[in-house]
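Please keep the sequence and the model in view while reading.

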Amino acid sequence: MTARLIDGKAFAATLRDRVATAAAAFARDAGRKPGLAVVLVGEDPASSVYVRSKGKATIAAGMESFEHRLSADVGEAELIALVDRLNADDSVDGILVQLPLPRHIDERAVITRIDPDKDVDGFHPVNAGRLATGLEGLVPCTPLGCLMLLQDIHPQLAGLEAVVIGRSNIVGKPMAALLLQQSCTVTTVHSRTRDVMGHVRRADIVVAAVGIPGFVQPEWIKPGATVIDVGINRTDAGLVGDVDPGAAEVAGAITPVPGGVGPMTIAVLMRNTVVAAARRAG
Ligand code: GUN
C-alpha cells in the first residue's frame with residue numbers, strides 16, 4: 001500500500017484565498033486593512049527568509065504589513081518599548097516577534113508583553129491557557145495547520161488514538177491540546193518516554209514534531225494510520241522530515257516534506273491575523 005500524499009501546499013493556497021476574502025470584507029467594513037507587524041532582531045539568514053515570506057503573504061492577502069528590523073545588539077528594554085507601541089497602535093491587529101531572539105534578550109519577557117489579543121503566534125501564556133481550558137483565543141499556527149489537514153481527512157476525529165511526538169510549547173503541547181479538544185485519545189511521547197514505538201504502533205494519528213531527521217520508523221506505523229510530519233530538518237541531503245520516507249508504504253495518508261505542513265504555517269498566520277482583526281473590531 002502507498003499512502004495518500006496530503007497536499008499542504010494546495011490546502012494552504014485555498015486557505016489563503018479564504019483569508020483574502022475575509023480581509024477584503026474587513027477592509028470594507030472597517031475602512032482599513034487588517035495589519036500584521038513582524039519584528040526581526042538580527043540577521044539570521046533563515047529568520048530573514050521567513051520574515052520576508054510572511055510580509056509577502058500578508059500583502060498578497062490584502063493586508064497591511066509592518067516590518068521592524070532591529071540590530072542584533074538591541075537592548076531588551078528597547079524591544080519591549082517597540083512591543084508596547086505596537087500594542088497601542090490601532091492599525092496593528094497582529095504582532096509576531098520572530099524567534100529565536102539573541103541570547104541577551106529574555107524571550108519570555110518579550111512574548112508575555114504582547115497583547116494576547118494581538119498574539120497571532122499564540123505563544124502568550126494567556127492564549128496557551130485559553131487553549132487548554134477551551135476558551136476562544138489565538139492558537140499557534142503550525143499545530144492549527146496540522147489540525148486543519150487532519151480534519152480534512154478525518155471529519156470525525158472523536159475517539160481516534162492520537163500520538164504526538166515532541167512536547168514543545170510551539171508545536172507538541174498545543175497540538176495535544178487541540179486533539180484533546182476534538183475528543184481524540186491523546187498520548188504525548190518525548191525524550192524520556194520508555195517505549196515510543198509501543199505508543200506509536202497503536203496510533204490512528206501520528207504527529208511528529210521532534211526535529212530529528214527520519215526519527216519515526218516505518219515499522220512503528222500502524223497500517224492505514226495518518227501521519228503528519230512537522231519536521232523541517234536541513235541536512236546535506238536537503239530538507240527532510242522527522243519521519244522516515246519508508247513510512248509512506250505503511251500509512252494511509254502522510255504529509256510530504258517539503259509541501260506538507262510547512263506551507264500551512266504562514267497560511268494560518270494570515271488566518272490568525274484576520275481573525276484577530278475581526279475580534280478586535282467586534
Ligand atoms: N521561528 C520559527 N518559527 C516561528 C514561528 O512560528 N513564530 C515565531 N515568532 N518565530 C518562529
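This is a predicted model: local features need pLDDT of at least 70, side-chain atom pairs count only at pLDDT 80 or more; totals for chains, interfaces and linings use all residues.

Residues are numbered from 1 along each chain as its sequence is written. The chain holds nine helices and 11 strands; helices (H or I, at least four residues) and strands (E, at least two) are DSSP runs, numbered from the N terminus.

**Whole chain**

- The radius of gyration of the chain is 19 Å, which agrees with the value near 19 Å for a compact globule of 282 residues. The radius is taken over C-alpha atoms, and the globule rule is 2.2 Å times the number of residues to the power 0.38.
- The C-alpha trace spans about 50 × 40 × 35 Å along its principal axes.
- Of the 282 residues, 44% count as buried. A residue is buried if 20 or more other C-beta atoms lie within 10 Å of its own, exposed if 12 or fewer, and partly exposed in between, with C-beta atoms placed from the backbone.
- Among contacts between residues at least 6 apart in sequence, 70% join residues at least 24 apart. Two residues are in contact if their C-beta atoms, placed from the backbone, lie within 7 Å.

**Annotated spans**

- An unreviewed UniProt entry annotates residues 6-121 as "domain: Tetrahydrofolate dehydrogenase/cyclohydrolase catalytic". This span, residues 6-121, is 49% helix and 16% strand, and its end C-alpha atoms lie 24 Å apart.
- The UniProt annotation "domain: Tetrahydrofolate dehydrogenase/cyclohydrolase NAD(P)-binding", also from an unreviewed entry, covers residues 140-279. Residues 140-279 are 34% helix and 19% strand, with end C-alpha atoms 17 Å apart.
- UniProt positions are given in the numbering used here, feature names are shortened, and annotations may be inferred rather than shown by experiment.

**Sheet E3-E2-E4**

- Three strands form an open sheet in the order E3-E2-E4, with parallel pairing; two strands pair if DSSP finds at least two bridges between them.
- Strand E3 (64-70) and strand E4 (94-97) are the edge strands, each pairing on one side only.
- Neighbouring strands of this sheet are turned by 15 degrees against each other on average, direction ignored. Axes are lines fitted to C-alpha atoms, for helices over the stretch in contact, and angles run from 0 to 180 degrees between N-to-C directions.
- Strand E2 (residues 35-41) pairs with E3 in the parallel sense over seven bridges, and Val38 has Glu67 in E3 as its bridge partner.
- Helix H3 (residues 76-88) lies across E2, E3 and E4 and runs at about 175 degrees to E2.

**Strand E5 and its partners**

- Strand E5 (residues 161-165) is largely enclosed by the rest of the structure, because four of its five residues are buried.
- E5 pairs in the parallel sense with strand E6 (residues 185-189) over five bridges, and Ile165 stands opposite Val189 in E6.
- From E5 the chain crosses through helix H7 (residues 172-181) to E6 in a right-handed β-α-β crossover. Right-handed means that, with the strands pointing away from the viewer, the path from the first strand over the helix to the second runs clockwise.
- E5 also pairs in the parallel sense with strand E7 (residues 205-208), over four bridges; here Ile165 stands opposite Ala208.

**Val74**

- Val74 sits in the loop between E3 and H3 and counts as partly exposed, because it has 18 C-beta neighbours inside 10 Å.
- Not counting residues up to four places away in sequence, Val74 touches Val41 and Leu79.
- The C-alpha atoms of Val74 and Ile105 are separated by 8.8 Å, with the two residues 31 apart along the chain.
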